[in-house]
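Morning, everyone. I have one structure to walk through today.

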Amino acid sequence: MEYKSLGKSFDKHVYYYLTDLGINYLNSHINNYIGLMLPMVVVPKLWAIDSQSPGGYLTYNILKQSSLIHSSLDNSGVTLVNSDLIYKHINLQNSVPFKINTLFYNFIIEHGYNLNLLISNIDDIENNPNKDELKSNFLHQNYILNLSKFFMGRTFYFTMFFDWRGRIYTETSYLTFQGNSFAKAMLEFNDGGLIADPEHFDVLLAYGASLYGFGKLSFQDRVNWSITNLDIIVSLDSEFILSAEEPFLFIAWSLEIKKNKLNIINKTPFVSHLPIQWDATCNGLQHLSLLVNDLDLAKSVNICPSSS
């Protein structure tokens with residue numbers, strides 16, 4: 001397999017990235033890479049509370065981590081999972097099919113480097129004082145691009161696990177809905193959802209305003225912002241895009257709006273595959289507001305109805 005070394009970084013690891021030839025090789029020899037934590041192209045095996053056989057990957061039993069609960073070298077504690085409901089929850093998440101967002105992938109390949117959203121050449125950063133961080137970003141970017149290219153046109157699934165604290169994560173790194181904004185923008189649901197009710201349209205429009213940086217506005221003000229700026233949104237104007245707080249996710253959203261502009265204007269139903277992150281405001285403060293019964297705090301973090 002052809003690869004290129006990026007040398008040693010600050011954490012004393014040696015990193016490599018695959019060239020196009022390496023990607024082609026991986027495509028034709030994927031069965032030889034059983035240990036890679038990639039998304040699955042079939043529905044993961046079911047986990048069951050009373051089963052001796054692990055769920056998730058079909059080859060999970062030969063991997064180092066063959067348990068639904070992963071332990072930590074830094075902590076001796078472990079999560080106890082003794083409820084069928086928890087297993088059903090994991091199995092439900094594992095069974096959600098995803099695909100690569102082709103519109104976003106094509107756009108970012110064509111325009112991402114010119115917009116300076118992507119790092120084009122590792123050699124250009126050798127003399128940069130932030131070269132270690134830039135190298136890390138370059139590697140992360142190319143892992144996501146190469147994996148997206150590999151899974152293009154395929155339906156795939158993510159396998160989930162519990163860490164010792166009870167938090168749920170994907171086994172897959174880089175290309176995952178728990179990854180950075182670039183990875184999230186590269187993903188969409190394989191099975192779309194119908195946008196039909198007025199509330200559906202408003203949620204979709206408000207989401208774009210939040211991505212642009214207006215998440216603290218009222219819900220209706222965010223909807224109005226997207227409607228007011230609809231023409232420049234669908235034009236994918238470079239300066240407008242680069243002013244967004246989350247440019248990658250904003251591009252993916254703008255492409256979805258552009259594709260369905262007439263439906264949005266006329267409020268006619270259409271199917272959307274775009275994932276929308278919703279109601280994840282200050283989770284720690286949400287729990288705290290409930291524990292201390294603080295109504296004002298609860299309103300501020302979307303626990304209680306509020307106009308702002």
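Start at Thr-159. Thr-159 sits in the loop between α4 (131–151) and β4 (160–162). Helices (H or I, at least four residues) and strands (E, at least two) are DSSP runs, numbered from the N terminus.

A word on the source. This is a predicted model: local features need pLDDT of at least 70, side-chain atom pairs count only at pLDDT 80 or more, and totals for chains, interfaces and linings use all residues. Residues are numbered from 1 along each chain as its sequence is written, and side-chain values use heavy atoms, with hydrogens and water left out.

Is Thr-159 buried or exposed? Buried, with a relative accessible area of 2%. Buried means under 20% relative accessible area, exposed over 50%, partly exposed in between (1.4 Å probe, protein chains only).

What is Thr-159 in contact with, leaving aside neighbours within four places in sequence? Met-40, Pro-44, Gly-56, Tyr-57, Asn-94, Tyr-169, Thr-170 and Glu-171. Contact means heavy atoms within 4.5 Å.

Now the whole chain. The protein chain has 13 helices and 8 strands. Of its 308 residues, 40% count as buried.

Next, the core. A nonpolar core is a set of buried Ala, Val, Leu, Ile, Met, Phe, Trp, Tyr and Cys residues joined through side-chain atoms within 4.5 Å. The largest one holds 59 residues. Phe-182 is among the members that touch the most others. Beyond four places in sequence, the contacts of Phe-182 include Phe-104, Ile-108 and Leu-118. A second, separate core has 5 residues, including Ile-119 and Phe-138.

That's the tour. Over to you.
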